[in-house]
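Reader: Hi! I'm new to this one, could you walk me through it?
Author: Happy to, let's have a look together.

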Amino acid sequence: MSLKKPISMTVNGVLVNAEIEPRRHLVDFLREDLHLKGPHLGCEQGACGACTVKVNGQIIRGCLFLAVQANGAVVETIEGLTKSGALADLQESFMRHNAMQCGFCSSGMLLAAAELIEKQPKASREEVREWISGNYCRCTGYHSIVNAIVDVLEARAKGQKIKPVVAHA
Amino acid sequence: MELNGEQLIAAPIPDVWKGLNDIDVLAKSIPGCEEISRISPEEIHAKVMFKIGPVRARFSGKLLLSDVVPNQSCSMAFEGSGGAAGFAKGRSRVELKQAEGGTLVSYTTEASIGGKLGQIGGRLISASAKKIADDFFQKFATELGGEAIALDSGASGE
Amino acid sequence: MKAAAFDYIKPKALHDALSLLAEAGDDAQLIAGGQTLLATLNMRLSEPSVLIDITDLAELKGITLEGDHLRIGALVTHTEIEDSELIAKHAPLLKAAAPHIAHRAIRNLGTWGGSLAYGDPAAEWPACSLTLRATMIIQGPAGERRISADDFFIDLYTTSLEPDEILVATEIPLATSQEVFYFHELSRRHGDYAIAGLAALAQKQGDILSQCAFTFFSVSSKPVMATKAQDLVNGQKLNEELIGKAVAAARAEIEALADITNSAEAKQHLIGVLLERGLKHMLASMR
């Protein structure tokens with residue numbers, strides 16, 4: 001029963017057509033078929049957040065979403081969001097605060113943070129912590145991540161930019 | 001996990017005892033029972049489909065009876081494999097006593113569930129076991145033509 | 001782990017979905033948000049041969065104000081409830097509860113109807129639907145039927161839904177200007193399954209509460225209302241002494257079930273803690 005289904009979706013701005021088994025998760029399709037290794041696989045139960053990607057403008061768990069369900073959808077991963085600059089200030093802030101060590105959680109963490117900043121621009125530190133509780137980090141102990149996100153919220157509220165850590169050519 | 005309980009069945013002791021040892025009655029009483037066969041006087045094999053919420057796990061297991069005192073009590077050891085879903089094993093003791101209205105069936109069970117079902121389903125194991133036991137006795141009583149009358153069953157903790 | 005293979009169909013109309021479901025029977029499972037189902041399939045705790053995707057069904061969508069009640073379609077996501085102005089105005093208990101459900105990424109897909117249809121004892125929406133005295137609207141081969149939340153939740157993961165039926169929507173009476181509510185969940189980390197939770201609602205007049213609804217979740221095999229505690233509080237002057245009595249009554253009347261993290265005694269204790277906090281919150285709003 002490996003009847004494949006034809007699907008069509010936009011991934012990071014590019015139209016993608018494929019024939020895939022219904023049981024294939026979106027995150028496996030992105031990683032294995034489209035070689036977008038940014039989103040990671042952690043628990044495959046929706047708890048760890050490493051597989052977080054954006055579908056139709058919202059963050060979702062790539063492991064709890066079938067590729068067939070993404071038919072006709074707009075999908076964005078860390079690769080596309082980096083290229084578009086949508087995450088630029090968050091990424092600079094993460095670097096400033098050493099909010100990344102092994103990097104496994106970072107893709108999901110950045111996507112979750114981006115949705116927080118969009119939906120709750122006045123979030124308090126406590127609200128930031130609650131929001132990112134769906135993204136597990138085994139390395140940093142979370143403080144640097146929370147600091148990085150709080151900095152971006154404050155900068156945006158003042159209409160300021162986050163100073164780049166590295167001088168760009 | 002421990003599950004202890006009591007059920008009052010509106011039927012005389014010999015009927016209840018006979019029913020508990022009758023493969024056909026058990027086949028109709030065990031929720032989700034798909035196959036059941038008696039290998040020997042002490043050994044029963046069964047295939048049961050557990051359906052709880054989103055879970056549909058098919059278990060193949062065996063039951064070994066011991067310390068059998070007819071019309072009174074018996075012990076059983078059971079173990080089952082649910083394939084990729086996990087496995088279960090445990091021990092149970094069942095006692096029958098005369099009571100007003102019929103037969104009082106008391107049972108004490110100790111079980112462990114391992115594998116995925118144990119990990120994911122861990123928080124609901126007690127509640128699931130209690131429900132399965134309750135469903136079993138409802139059906140069992142109906143099979144005997146009597147009734148299972150609810151008592152405080154005092155399911156105790158982990 | 002990866003799910004076992006299955007087929008996938010996405011009907012466009014409700015009657016098609018119902019026929020497919022009736023035909024496939026036990027071999028099919030419905031998928032809406034999939035946040036519970038896909039985790040289950042990933043672990044191979046179920047291996048259906050076909051998934052029926054109901055997310056195209058129009059009758060199951062939307063939050064609409066209909067006279068004296070709010071209609072919430074089964075496909076409404078937790079995030080839609082969290083962000084809805086209609087909900088904020090007419091069912092603020094739901095807005096208070098929504099952020100407690102798992103995490104945002106899961107709330108963006110998980111549905112109101114899915115939570116109600118599973119009836120997980122730790123879930124927020126079943127408890128809220130009892131407290132709000134909701135009516136469930138169900139479609140099956142025989143047509144539409146309606147049932148109160150009170151009669152809908154029967155046992156562990158067991159609702160009144162037959163295998164060939166689909167939950168379409170619920171109707172919730174509108175919030176009044178005299179109502180006061182309290183929602184809280186105790187858990188080790190934000191987003192975890194609750195150790196114990198309370199969805200409480202009452203009408204207040206001066207220093208008296210009436211029509212009290214105190215629904216506890218994650219303490220038993222299904223959400224449970226503390227009816228004796230409710231009866232004690234209804235129509236009486238609310239003060240510290242009455243709160244003490246109500247707390248004792250709730251602890252005595254609910255038979256808590258242990259789970260993997262907490263004993264029945266711990267849950268019994270927390271029932272009282274939650275009710276005390278809830279009633280004190282309501283008392284404070286009267287001063």
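This is a predicted model: local features need pLDDT of at least 70, side-chain atom pairs count only at pLDDT 80 or more; totals for chains, interfaces and linings use all residues.

Reader: Thanks! Which element does Arg93(B) lie in?
Author: Strand E6 of chain B, residues 87–99. Helices (H or I, at least four residues) and strands (E, at least two) are DSSP runs, numbered from the N terminus.

Reader: And what does Arg93(B) touch?
Author: Leaving out residues up to four places away in sequence, Arg93(B) touches Ser73(B), Ser75(B), Tyr107(B) and Thr108(B). Two residues are in contact if their C-beta atoms, placed from the backbone, lie within 7 Å.

Reader: How far is Arg93(B) from Ser112(B)?
Author: They are 19 residues apart in sequence and 15 Å apart in space, C-alpha to C-alpha.

Reader: Zooming out, how many helices and strands are in chain B?
Author: Chain B has 4 helices and 8 strands. From the N terminus on, the order is β-α-α-β-β-β-β-β-β-α-α-β. The radius of gyration of chain B, taken over C-alpha atoms, is 15 Å, close to the 15 Å that the globule rule gives for 158 residues, so chain B is as compact as a globular protein of that length. That rule is 2.2 Å times the number of residues to the power 0.38.

Reader: How much of chain B counts as buried?
Author: 32% of its 158 residues.

Reader: New topic! Which chains share the most contacts?
Author: Chains A and C, out of the 2 pairs of chains in contact. No contact joins chain A and chain B, and their closest C-alpha atoms lie 9 Å apart.

Reader: How is chain C divided?
Author: Into domain 1 (7–53), domain 2 (60–173) and domain 3 (180–284). Those bounds come from an automatic or database domain assignment.

Reader: How many residues of domain 1 of chain C are in contact with domain 2 of chain C?
Author: 12 residues of domain 1 of chain C are in contact with 15 residues of domain 2 of chain C. On the domain 1 side, helix H1 (residues 14–24) of chain C gives the largest share, 5 residues.

Key
Residues are numbered from 1 along each chain as its sequence is written. Chains are lettered from A and ligands numbered from 1 in the order in which they are written. A residue is buried if 20 or more other C-beta atoms lie within 10 Å of its own, exposed if 12 or fewer, and partly exposed in between; C-beta atoms are placed from the backbone.
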